[in-house]
Amino acid sequence: MRKFVRLSVLSLLLLSGCGLNFYTDEQLEPLSVQAYQQATAEYPEVTSGAEYEMVQEVARRIAAAADENFPWQAKLLKADNVPNAFCLPNGRIAIYTGILPLTKNIDGLAAVMGHEVAHATQRHGGKRMTSNQLNGVTMAVIDAGLGSAEMESETRAQLMGAIGVIGQYAVTLPYSRGHETEADIWGIRYAIRAGFNPNEAPKVWERMAELGSSGPEWMSTHPDPLERAKMLRKMIPRIVQEEKGWSPKSSKQTKSSQAGR
Ligand SMILES: [Zn+2]
């Protein structure tokens, strides 16, 4: 019996490469709160000005397009030498000022934010935690609803990396190829739904490629940007067609409840 149980856990772990997720949004919430607090304290927050307003506007529109019941938050961090961005489970976004010269305009920012938000909406953090086979202690801590403070620092750093934190508190972990492609495609969908120009996305990846190996940190955890730009250029017209007439779940509910009256 015992042997049987072990075998089925093993087969579950093998399956996890396909995107199995042992963690619910609720389980990840305390971790997301703590990790966000810690990671965003690393640099001063920008709380006014044109760039701040742009980040808030893009976050608001992408969040509406993602149509998830998340406690959305977006921070712009003053870090001109950090060309990066992330979104943690349940919609906690950080944009570093260092990525703004590469995103260049509001549509470019929407491309990067859409991509990062898609990692959260597709639950890539929980899936990565599942496939990384976190040790029993970590799982027990999460099951008990405790935060990352109860973990050893090495485990905590790995966990923060798994849910998408970058910077000194986390072990830098790239997402899988499959997760990246998924985030690229969903990111484009969100940008289109939110009324941004999706054609800016491949241009952003090309601007990153121009910087070559000395390019942004973001590239070290992402596949070849030129390849991604090429793939997206091919797919964008089809995605634009598919997203025609999209409306959020909430408005559909309102419509159907009105119709029912
Ligand atoms: Zn990514």
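In what order do the four strands of the open sheet lie, and what kind of pairing do they have?

Guide: Happy to. Please keep in mind that this is a predicted model. The four strands of the open sheet follow the order β1-β2-β4-β3, and their pairing is mixed. The edge positions belong to β1 (45-46) and β3 (85-88); each has a single partner strand, so one side of each is left without a neighbour in the sheet.

β1 runs antiparallel to strand β2 (residues 73-77), and two bridges join them. To find this pairing on your screen, look for V46, whose bridge partner in β2 is L76.

Helix α3 (residues 50-66) lies across β1, β2 and β4 (92-96), and runs at about 155° to β2. Helix α5 also packs on the sheet, where it touches β3 and β4; its direction makes about 30° with that of β3.

In soluble globular proteins, nonpolar side chains tend to be buried together. Here the largest nonpolar core has 60 residues, and I62, M113 and I163 touch the most other members. Helix α5 (residues 106-121) gives this core its largest share, eight residues.

Conventions:
Residues are numbered from 1 along each chain as its sequence is written. This is a predicted model: local features need pLDDT of at least 70, side-chain atom pairs count only at pLDDT 80 or more; totals for chains, interfaces and linings use all residues. A nonpolar core is a set of buried Ala, Val, Leu, Ile, Met, Phe, Trp, Tyr and Cys residues joined through C-beta atoms within 7 Å. A residue is buried if 20 or more other C-beta atoms lie within 10 Å of its own, exposed if 12 or fewer, and partly exposed in between; C-beta atoms are placed from the backbone. Two strands pair if DSSP finds at least two bridges between them. Two residues are in contact if their C-beta atoms, placed from the backbone, lie within 7 Å. Axes are lines fitted to C-alpha atoms, for helices over the stretch in contact, and angles run from 0 to 180 degrees between N-to-C directions.
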